[in-house]
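Try each task before reading its solution.

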Amino acid sequence: MTQKAEQAEIEAKLKDEQLKVENKLRNERTNLRRLFTVSANTFDDIHQEIDKVKDIHVQYNKVVEKAERLFKVDDEIKECIIFTDEEYDTTESYRDRFTEIRVVCEKQYTQDESSSVAFIEGEEHRFLAETSFGDGMKWKESRKPPLRDEPTAATLIANTSVGRNQCIFCERAHASQDC
C-alpha cells in the first residue's frame, strides 16, 4: 500500500469511529428526551391535583435528574458536532421547559417561603456546579491531593525577578542555576 492509501484508510477509520460515537450520543439523547418528557408530563399531571404537594417534590427531583443527564449529553454532542439551528432550538426548548417546571415548583409549592426558596436555589446551585463549571470532574476527583509543583522556566524567572534566593529544584537557599 502506498502512504496515501494508508492515510486514507486511517482517516476512514477515524471518521467511522466518530460517526459511531455521534450516533451513540444521539441515541442516548433521544432516550433522555423521551424520559424527560414523560417526567415533565407527570409533573404537570401532579400539578393539576393541588393536594399532592409531597408528590410534586418527588417528581420535581426526578425531572431535575433527567434534565441534568440530558443537558450533559447535549454538551457532549456539542463538542463532537456543530449544531444546526434546528438542533439548537430543540435543545433550548428542553432547557426552557425545565426552567418552567422549576419556576412552577418554586412559586406554587412552598410550605415555608424561605425553606422552599432555599431548596430550589440549592438544586439550582448544585445543577450549575455539576454542569457549568468545568469539564465534568466529579467531586471525589476534585478532592484528590494536588501534585507537587514541577520546576519550570516560568517559576525560575519569576523567582529571580522577585529576588527570591530559593532553588526551584531542591528548595534550598541558593540560586536555581547553581543546583
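**Exercise 1.** At what angle do helix 1 and helix 3 pack, and how far apart are their axes?

*Solution.* Before starting, note that this is a predicted model, in which local features need pLDDT of at least 70, side-chain atom pairs count only at pLDDT 80 or more, and totals for chains, interfaces and linings use all residues. Residues are numbered from 1 along each chain as its sequence is written, and side-chain values use heavy atoms, with hydrogens and water left out.

Step 1: find helix 1 at residues 3-48 and helix 3 at residues 85-108. Helices here are DSSP runs of H or I with at least four residues, and strands are runs of E with at least two.

Step 2: read off the geometry, an angle of about 30° with the axes 11 Å apart.

Step 3: classify the pair. Angles under 35 degrees count as roughly parallel, so helix 1 and helix 3 are roughly parallel to each other.

**Exercise 2.** Which residues of helix 1 and helix 3 meet?

Step 1: on helix 1, look for residues including Arg26, Arg33, Phe36, Phe43 and Asp44. Their partners on helix 3 include Glu87, Tyr94, Arg97, Phe98 and Ile101.

Step 2: sort the residues of this contact by type, which gives eight nonpolar, six polar and six charged.

**Exercise 3.** Is Gln59 buried or exposed?

*Solution.* Step 1: locate Gln59 in helix 2, residues 53-80.

Step 1: compare its accessibility with the cut-offs, where buried means under 20% relative accessible area and exposed means over 50%, using a 1.4 Å probe and protein chains only. At 6%, Gln59 therefore counts as buried.

Step 2: list its neighbours. Leaving out residues up to four places away in sequence, Gln59 touches Ser39, Thr42, Phe43 and Ile46. A polar atom of the Gln59 side chain lies 3.1 Å from the backbone oxygen of Ser39.

**Exercise 4.** How many helices and strands does the chain have?

*Solution.* Step 1: count six helices and zero strands.

Conventions. Axes are lines fitted to C-alpha atoms, for helices over the stretch in contact, and angles run from 0 to 180 degrees between N-to-C directions. Angles under 35 degrees count as roughly parallel, over 145 as roughly antiparallel, 65 to 115 as roughly perpendicular and the rest as oblique. Contact means heavy atoms within 4.5 Å. Ala, Val, Leu, Ile, Met, Phe, Trp, Tyr, Cys and Pro count as nonpolar, Asp, Glu, Lys and Arg as charged, and the others, Gly among them, as polar. A polar contact is a pair of N or O atoms within 3.5 Å; within protein, one must be able to donate a hydrogen and the other to accept it, and residues adjacent in sequence count only if both atoms are side-chain atoms.
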